[in-house]
Amino acid sequence: MPVQLRCEFCSAIPKAEVAILRWVDDDRERLTLQLCAKHLGRIQKTGKRGWEHGGKLHKEGWW
Ligand SMILES: [Zn+2]
C-alpha cells in the first residue's frame, strides 16, 4: 500500500491528518489532508477567512 508521507502543500513530513474545507465561492470540498507543522499552523492562524493556495481557500474543519 502506498503511503502519503508528504504534506499536501510542500515536501515536508506530515505532522497530522486534518479535516480541511477547501472552497472557491460556493464550491466546497471536504478533504482529509496530510499537513506539516508549518502548513497546519498557517491554516489554523488564518482561521475562518481561509488560507489561500492555488486560488482556493482552506480552513480547518468541515463546517
Ligand atoms: Zn507543508
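Biologist: In which loop does Asp25 lie?

Modeller: Asp25 lies in the loop between strand 1 and strand 2. Please note that this is a predicted model, in which local features need pLDDT of at least 70, side-chain atom pairs count only at pLDDT 80 or more, and totals for chains, interfaces and linings use all residues. Residues are numbered from 1 along each chain as its sequence is written. Helices (H or I, at least four residues) and strands (E, at least two) are DSSP runs, numbered from the N terminus.

Biologist: What is to be said of the phi of Asp25?

Modeller: As a general idea, most residues other than glycine have a negative phi. Here, Asp25 has a positive phi of about 55°, although it is not a glycine. Strand 1 and strand 2 form a hairpin with two residues between them, and Asp25 belongs to that turn. Another positive phi, near 70°, is that of Gly47, which follows helix 1.

Biologist: Is Asp25 buried or exposed?

Modeller: The general idea is a count of neighbours: a residue is buried if 20 or more other C-beta atoms lie within 10 Å of its own, exposed if 12 or fewer, and partly exposed in between, with C-beta atoms placed from the backbone. Asp25 is exposed because 6 other C-beta atoms lie within 10 Å. Across the protein, buried residues make up 13% of the 63 residues.

Biologist: How many bridges join strand 1 to strand 2?

Modeller: In general, two strands pair if DSSP finds at least two bridges between them. Strand 1 (residues 16-24) and strand 2 (residues 27-35) run antiparallel and are joined by nine bridges. Within this pair, Arg22 is opposite Glu29 and Val18 is opposite Leu33. Strand 1 is also joined to strand 4 by four bridges, again antiparallel; there, Leu21 has Lys59 as its bridge partner.

Biologist: Which residues of helix 1 are buried?

Modeller: In helix 1 (residues 37-46), the buried residues are His39, Leu40 and Ile43. They lie on the same side of helix 1, because they cover an arc of only 105° around the axis; the arc is that of the directions from the helix axis to the C-beta atoms. The face turned away from this buried side carries the exposed residues Gly41 and Lys45. The cover over the buried residues includes strand 1, strand 2, strand 3 (51-53) and strand 4.

Biologist: What radius of gyration does the protein have?

Modeller: The radius of gyration is taken over C-alpha atoms, and the globule rule is 2.2 Å times the number of residues to the power 0.38. With 63 residues, a compact globule would have a value near 11 Å, and the protein agrees, having 11 Å. The C-alpha trace spans about 35 × 25 × 20 Å along its principal axes. Of the contacts with a separation of 6 or more, 47% are between residues 24 or more positions apart.

Definitions and conventions:
Contact = placed C-beta atoms within 7 Å.
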